[in-house]
Amino acid sequence: MLRMSFCAFLLSSGAALAVDLTRTTLGNPTAYIPPQCYTKTEDAAGNSHNPCQTCHVSARRPNFVNDADLQQSYAMPGPALTNPWTNLFVDRRAVIAATDPAEIKAYVAEDNYLDATGQPILAAKLAALPPAWDSNGDGAWAGYVPDSYFAFDDEGFDHAPDGRLTGWRAFAYQPLPGGFWPTNGSADDVLIRLPAAYREDATGAESLVVYKTNLAITEALIRRADVAIAATDEATVGVDLDRDGVLDSATHVAFAFAPLEGVTMQWAGRAGTLPGSEAPLAAGLYPFGTEFLHSVRYLATEGETVTMAPRMKELRYMRKSRWQTYADLEEGALAEKKEDSDFPDRTKQFFGSAEAGIPTGSGWRMQGFIEDAAGDLRPQSFEETVFCTGCHGGVGTVDDSTFAFPRKLSTASFREGWYHWSQKGLSGTPDLIRADGTGDYAHYLRTNRAGDEYRANRAVIEAWLDADGALSTEKEAALRDDIGPLLTPSPGRAMALNAAYRDIVRAQSFDRGRDANLTPMDDTVWRAVEDEQPTGIETPEAAWFPRR
């Protein structure tokens, strides 16, 4: 009833808050620089906090964006020196206090992605395209049509209501430190899908054995390491997976990639019969045509339990639409570096549309959907999509423009790491072990002295750090086996975060920031910075992964 009343208010007041989906220019020319980059990395006592390391590190090839220096200075183009993310400074305590707990609980429990028959709501809307969503005016939707049903079997494969496989597969991972922890506002999941040729045997017939094998090969390429698999008949998939010279039963995919020495791997099934130009393979890169689907959601509560809510805040999609070789990627990174040096105040340029998506410059195309003022999913605008491309398009910590899959749980984990959070939550998930042998989350707490970029999550600080901001050996040991207690907020905090974010939704003010902050952040976030202003971080932190 309250939701209908709000919608009626929007209509009666004329405040439809419509977003122009035809516009392909930016109101914020630096929408690709996220709010986190304006964090004050020194506190009033002179202590240093380093959330910058989450993104900006010395990369591992074939990512040639080595940007660890950004841990040490606010190196931004002139138009970005004034912080455009003004939602960070909004006080939402009154809105939270006025929110009926039962109403917000019901709101997040409502599924805004699937209809009552289990069909994606957006697919039906895009089939009868609303004119306001038709950015190119041709009467047909040119972008991604949501086709996952979020109905997963015991191996993480998604099924349509009629039982057919969609190709999407869910995987579990240690979320990136900071903003992607549920305790800081949202739950999220990620699905992967390889093209049809990687899901079929040599005759072109659908084969789960081939598909699982190619996903394991993909995992080995991204990890640059061997990957354990269930015993697989190599003759069936047509590949000597363990590289022992015999087509027999393999229990692991052996990583090998030294093409100058004639050493490489091979795709299974039909993909393995295709020429390299159609099914290229390289360490650190996904197959051409790989897709990812990423839902960002509210938090649901039941008693003292906090889980992923049915309601989506966003649905993000990316597809590898262009194959780039190592040389292509290096040339692009060097060209970007040269332009930054020659024209430090020049902002990045983006091309595309809300409908067709935006290319990242690294071979991927991104698109997304986000809530409208009434809570229904709509296409993201051009500018709202540029917001997503900034991180995926060029920071040191990504592998082939992705964050989550490199952090996938190992095959020694529950269901070999192939499951959705609705099947098993974060409880019992171990900390990711860094290249130096320490836990990634323990390292983040120790070097950032907080559980988020803005040091706004007092609950984490008080529960996990001592009065001096230090992480005890006992807390670190607890994290090593279970990150659940760190990442999960209390029910009260979860509902407050939900209410704060919905206030942004109702205002449709995503262009001013999407963080569900409860109070103004003036103490920890700059409203403006000076070019090359030092952060106070003396020594950059290394990435979690080994450099190869």
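Analyst: Phe 171, Ile 192, Phe 292 and Leu 486 touch the most other members of the largest nonpolar core, which has 97 residues. Such a core is a set of buried Ala, Val, Leu, Ile, Met, Phe, Trp, Tyr and Cys residues joined through side-chain atoms within 4.5 Å; buried means under 20% relative accessible area, exposed over 50%, and partly exposed in between, with a 1.4 Å probe and protein chains only. Helix H5 (residues 208-223) supplies the largest share of this core, 8 residues. Helices (H or I, at least four residues) and strands (E, at least two) are DSSP runs numbered from the N terminus.

The model is predicted: local features need pLDDT of at least 70 and side-chain atom pairs pLDDT 80 or more, whereas totals for chains, interfaces and linings use all residues. Residues are numbered from 1 along each chain as its sequence is written, and side-chain values use heavy atoms, leaving out hydrogens and water.

Beyond its neighbours within four places in sequence, Phe 171 is in contact (heavy atoms within 4.5 Å) with residues including Val 190, Leu 191, Ile 192 and Phe 292.

Strand E4 (residues 187-193) has 7 of its 7 residues buried. In a regular strand the side chains alternate between the two faces of the sheet. On one side of E4, Ala 187, Asp 189, Leu 191 and Arg 193 are buried, as are Asp 188, Val 190 and Ile 192 on the other.

E4 pairs (at least two DSSP bridges between the strands) in the antiparallel sense with strand E3 (residues 165-171) over 3 bridges, where Arg 169 stands opposite Ile 192. With strand E7 (residues 291-302), E4 pairs in the antiparallel sense over 7 bridges; here Ala 187 stands opposite Arg 297.
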